[in-house]
Structures are given as C-alpha cells and as structure tokens.
Amino acid sequence: MTSLPRQSDQRAGRQGDPPAAEVTLDAAALSTREINRSLQALPYGRAVVTNPDGRHNLAVGLDAPVRVEIDGPAGFYAGGLGKQAHITVNGPAGCGVGENLMSGDVHVRGSAGRSAAASARGGVVVVDGGCSSRAGISLKGATLAIGGDAGALCGLLAQSGVILIGGDAGPCLGDSLYEAVLYVGGKIAGLGADAVVEEITQHDVTFVKILAEGCGFDHLSPADVTKVVSTRRLYNMQNHDHGNY
Amino acid sequence: MSHTFSPEVIAEIQERARLGGCEVRGLGAKRAVPSFDDLLILSAGISPAPLEGTQERCDTRTVLGTRHAEEPVVLDIPITIAGMSFGSLSAGAKEALGRAAAMTGTSTTTGDGGMAPEERDSSKTLVYQCLPSRYGFDPDDLRSADAVEIVLGQGAAPGGGSVLLGQKVTTSVAFMRDLPEGLDQRAASRHPDWTGPDGLRVKIEELREATSWRIPVYVKIGAARVASDVRHAVEAGADVIVVDGMQGGTGAAQDVFIEHTGIPTLAATRMAADTLRRLSVENEVQLVISGGVRSGADVAKALALGADAVSVGVAALIALGCNSTSDDTGADVSLGYRALGTVPGSCTACHTGGCPVGIATQDDMLADRLDPDFGAERVANYLRALAMETTMLARACGKSSVHDLDTGDLVALTVEAAAMARVPLAGTSWIPGVTD
Ligand SMILES: Cc1cc2nc3c(=O)[nH]c(=O)nc-3n(C[C@H](O)[C@H](O)[C@H](O)COP(=O)(O)O)c2cc1C
Ligand code: SF4
C-alpha cells in the first residue's frame, strides 16, 4: 500500500539538518529555468516562489527533501517528476500537477486542472479543491487525494496506488482500471469500462480515515465511502469487445 | 483463383470468424509499397568527380540535438538503433544492441517498458523514450540518458497503442511496468498529461527543466500526417524529429494497423525534410527517419532526401539472429519456428514470446539461446557494413561527407517514387507534380 502524507511539522528538511535559510525566488523577475535551477540546487531547507502567476513547470525535477511553497496559482506540471520534496501550491494548479511523482508530496491549496498526478509512481498528491478530468490517469503507485469533486475519467488506466475523492466523481470513473483502488465520498456519475463497486471492509475504513485525516479532509465519512476496483475482465485480449479495444 | 478472395484472404476471413478478433503480430508491413529501392543514385562523372583513394576521406560524423541542448548527441555514424522495449525483447537482446551501438559509436534507444539496467550499462549513448504508457518512467533514468525521445506514434501503428501479450508480461517485465503478471497489456495511445501542440510545448519544457536543458529532446511520430506533425513538433521546440514510416517494425500490433495506416518511409522522408526547409530550421532541427532501412543504399538515399540519420529496428534484430535457422549454441531451431506455425525467413511471431532464437522472448530457456557477446559482434559488423556502403555511395557522388548527399544525387525508377521523393524520373527531367 502507498505511503500516507506526513504531518506538516515533519516535512521540513532531514532530521538533524541545520535550519537552512528560507530562499525567496520572485517569478516576476526570474525565468523558469533560473527558478528550477535554484530549487534543484537546494539540498534541504525551504524556498518560496512568489508571483508564480500561473507559470508552467515550476519546481520540476526536484530530488531533495526541500520544502517549496509556490505562493499563488501554478501552471502545468507543478512539482512534476519530483522525488523527496514537499511542495505546496497556495492557489490552483494547472494540468499534470505532480506528474510522474516518485516520492515526497505536492499539496494544492485550490483546485487542479486535467491529469492531476498523471502516472505518478510514489508519494502523495493532495488537492484541497476539485480536479478536472483524468485525475490519476495511469497512476503507478502514488496516492491522490482530492478534497472536492473529480471530473470525467478519473483513474483512467490507473495501474496501482490509491485515489480518494472527497466529493462527487464524474462520468467514466476508473475506466480501464488495473489494480489501483478508488474511494469516493460523494456520488458517482458513472463507472467506466471494467470498473466495479466493491464492498468496503474495516481495513478500507481505517485506511480512508488515516488518509483523510492526513490530508485535513474532515468533510468525509470514512465508513460511507464507495470503493471502486477493476473487474479485471479486460486483462485478456479475447475479452475485449471491439468498442473497448 | 479470385484476386479479391485469394487463398490468403480466405484464410484471414476464416481466422477472424474463428477468433472474433483481429490478428496481432510483430515486425513491419508485408505489402509492397514505393520504397528507397525505387530510387537510384547518380554517382559522379566528369564533374563532379568521385573521391579518390584513402586520402580523400568521407566523413560520417553525425550530430543530433544542436538546437537547444547543451550536450548534443555526437555519433560516429548516421545509423542509430531504434527504440525496442525490454519486454518485447529479452534483456540479452537489449544488452547486445547496446553493446553493438557502443562498439560502432552510435546510439541505442530504450522502449515502452523503461530502462533496463543491462541497457544503460552496455550503451555508451542511450536515448530514453517517454511514451504514452510511461511504463517505468523514472526521472533518475531520464537524467542518466543522453537524449529523451517523446514518442507520439510508431510507423507500424500510428494512432494505436502498443500491445504486449501476457506470455511476455513475466515477473521482471511486470515489475518494471507496475502491472499484474501475465495480463495482455494494452497501452494508451495518447499521452496521459498533455494534448495538442501547446501541451507538447509545455511537456518538452518540463523534460528540459528536469534535465537542466542538458540533453536533446527528440519527438518521434508515426508517418501519417507528416507535414503538420513535423510543424507542430518544431513549433513545440523539439531538437530532433524522428519520422517512422509505415514499413516500420513493431514488437506486437494489430495487422490491420501494420498494413493499412500511415505512409511509406520514402514519401515521409521527403515530406518531413521539406517541412523543415519550409520552416527554415533544416540546419537547426535534425531529422531521423526509420521504417524498412536495410542497407547502406537505403541510408544514402534517406540522407540525400534530407535525413540527418536513420534508425534501424528489424534489420538490427535480423543481424542479431532473428529468422536464423540456428541459435548461438549452434543448435538447429527450425522446430521452434514450426511450433509458431512458421519457418525461418518468414517469422513475424515476436508477439508470442516464443522466439526460437531468444530475441523477442521473456522465457529464460529461450533467452539463453542468444549469446549477447556474439550478438553484439554481429550487429556491430552489420552497422559497420551499412556505414561503409553509405560512404562508398557518397564517395562515388564526390561527397566528402555523407551529409553532403542531396536530392540532386537521386533519380526515380517509377512515376510513384518520383512523385513521392520529388526527384526526376530516371532519364527525364520530369518530377510529377513539380515540373511539366
Ligand atoms: C521488436 C520491436 C519492438 C519495438 N518497440 C518499440 C518501442 O517500445 N517504442 C517505439 O517507439 N518503437 C518501437 N518499435 C519501433 C521501432 O522503434 C522503429 O520505429 C521501427 O522498428 C523502425 O522500422 P524498422 O524496424 O523497419 O527498422 C519496435 C520495433 C520492434 C521491431
Ligand atoms: S525470430 Fe524471434 S525476433 Fe525474429 S520474428 Fe521470429 S519471434 Fe520475432
């Protein structure tokens, strides 16, 4: 099972590291390349990116236990291709937030565009608001927690990992799902091909409770979530009907 | 016998009636299409004169990724090894290809299944693919690569996702792809995190940011809507465009895709080169073409049409031992082909995992039939022979670099090839659609 988000006081730096000075990077005055180069060079500590103004590719490819705060709306791929880092977006994030995340976490204090946590292999992506379509597409082991509603095709082709939706799920939830597990707190507009509702167990309730608490989602009742998994019928090609293949 | 309902067509209909599904197979298109064979090279005469002796050298050095990358890929020869996944190929086959590329100063490419450790270790210059499936995609592997190739499509199946049947989804393949063992894997045909030309532009920037703008970004397209795809890729910021023609091989795809989608490599090469010229980036963005390249003559003709390099897939596998009657232990493996319903010389059964020569398999017993050392030597010999044939032809045209070959060095044997390659029909000055 995937890791749970750490409490925020555990997130800054490694244990025993001397407190690093907080770095402020003003996106209004710096290129994306300059910002990322500075962030990628930090071994630990904290950095704030001010005036992001929807800039794409901020805090991409980080590989150290740094805390990065993007202080405003971020564009595409915020925190993408990251390892170890703890990234917060104080605002909405564009398409592909936390894309291919390997470890660490990305927390969006707003809503997120298409393909949140696309193909993420580890770590946690938390979106306080809602997500547009294809959230958790091709998920490969990470945890995606959505406080609000999820758009169409959430969990499309998701291979492993967990998606928690605090609000309602849009049409075609979990289409072509593999082994990822989806939990929905609200209503489901419709299931995709090969997705099916499964009874929840006490283990699911405990898991969702810990996950929701870790994400600060107090609006959902763990005992009332709907669990969606794969029927595994599309695992063999002879079972594909022409419309699904 | 009916031409419309030939014995082969009848057998195909019967097979579909039996299966209720379509045929999946490996390698490339079997049908005859206009190809580099339909072009001839106009070697030198009185003026220009051919190069002479060993003093007048013909350069084969090839540089890819000069547009934005801090460290372009520098190759000794203009022939690279195409992306073929660990999964469709055995670890030993990937290792042998990597070693052969390193021995000949060229690059090899990962595939739809991530970077196998054997591959990184054995390859001097390794291109890392970023495919719609993103199986095993790892930023550490990305940073260890010498270039990254965003794959939009393959010539064998433009518009389709890749297939890997359950027999080949063994423990290690499943682990690398994060899939359950033994399932028939169907991969996405669209990237999960972007759509359209603007999305591609941001994706390219993301990969550059993650690699500090050090390595080149290639964009690979399956040759179908070549002019617009090349334009979009250039505008999105690609350093290198890889165009894979319809003859291009595959590890497994539906026969209906392989035979009926895309355009021939010949037509695609000229279209892509013309598009780069029209955008005035022909000296900035490099063109790599693939799909049915077999000989130095094919390489020379592709370069003359405007490619900077070619990639080989199936031909490299054949050099490795594909379709051979014996394996590296010297044993006759004809029975293995018979078990697959085929014979050496006609095998396209890569999708089954039962490769009689240990190349397209994940079965350890079969994989042992390929010795990576011997295999690497054969592929390296083949690549050297291709490079030598290419320089022989370039020298005969009076060129001191293979990259100096141009369309003036070509004529076509058929009207179709003349129209596609936009070179004159042999013995005339007529270029269909261009001159009267
Ligand atoms: C066994 C096999 C596996 C392949 N796997 C991939 C792949 O993973 N990714 C990809 O972009 N192309 C893949 N291809 C296509 C090649 O990269 C290349 O485009 C094609 O083989 C070129 O045509 P040729 O085989 O006629 O040289 C594969 C081809 C073969 C034969
Ligand atoms: S011999 Fe092996 S590699 Fe060659 S076509 Fe047959 S199965 Fe594929």
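Buried means under 20% relative accessible area, exposed over 50%, and partly exposed in between, using a 1.4 Å probe and protein chains only. The model is predicted: local features need pLDDT of at least 70, side-chain atom pairs count only at pLDDT 80 or more, and totals for chains, interfaces and linings use all residues. Residues are numbered from 1 along each chain as its sequence is written, chains are lettered from A and ligands numbered from 1 in the order in which they are written, and side-chain values use heavy atoms, with hydrogens and water left out.

**Around B:L200**

B:L200 sits in helix α6 (residues 196–210) of chain B. Helices (H or I, at least four residues) and strands (E, at least two) are DSSP runs, numbered from the N terminus. Leaving out residues up to four places away in sequence, B:L200 touches B:I150, B:W194, B:A233 and B:A236. Contact means heavy atoms within 4.5 Å. B:A238 is 38 residues from B:L200 along the chain, and their C-alpha atoms are 9.3 Å apart.

**Nonpolar cores**

A nonpolar core is a set of buried Ala, Val, Leu, Ile, Met, Phe, Trp, Tyr and Cys residues joined through side-chain atoms within 4.5 Å. The largest has 99 residues, and B:L39, B:I241 and B:I359 have the most contacts inside it. Helix α14 (residues 372–396) of chain B gives this core its largest share, eight residues. Neighbours within four places aside, the contacts of B:L39 include B:L266, B:K301, B:L305 and B:V423. A second, separate core has 49 residues, among them A:I35, A:A78, A:A85 and A:V97.

Helix α10 (residues 296–304) of chain B is largely enclosed by the rest of the structure, because eight of its nine residues are buried. B:K301 is one of these buried residues. Just after α10(B), B:G306 takes a positive phi of about 125 degrees.

**Chain A**

Chain A has two helices and 11 strands. Of its 245 residues, 59% count as buried. Among contacts in chain A with a separation of 6 or more, 26% join residues 24 or more positions apart.

**Aromatic rings**

Rings of Phe, Tyr and Trp (its six-membered ring) pair if their centres lie within 6.5 Å; planes under 30 degrees apart count as stacked, over 60 as edge-to-face and the rest as tilted. The count is four aromatic pairs over all chains.

A:Y183 lies in strand β9 (residues 181–184) of chain A and A:F207 in helix α2 (residues 202–215) of chain A, so the pair ties together parts that are 24 residues apart in sequence. A:Y183 is buried at 2% relative accessibility, and A:F207 is buried at 10%. B:Y128 and B:F137 are both buried.

B:K203 lies over the face of A:Y77, 4.9 Å from the ring centre. A charge sits over a ring if NZ of Lys or CZ of Arg is within 6 Å of the ring centre and within 35 degrees of the ring normal.

**Ligand 2**

The residues around ligand 2 include B:L27, B:C322, B:N323, B:Y337 and B:C347. A residue counts as near if one of its heavy atoms lies within 4 Å. The shell divides into nine nonpolar residues, two polar and no charged. Ala, Val, Leu, Ile, Met, Phe, Trp, Tyr, Cys and Pro count as nonpolar, Asp, Glu, Lys and Arg as charged, and the others, Gly among them, as polar.
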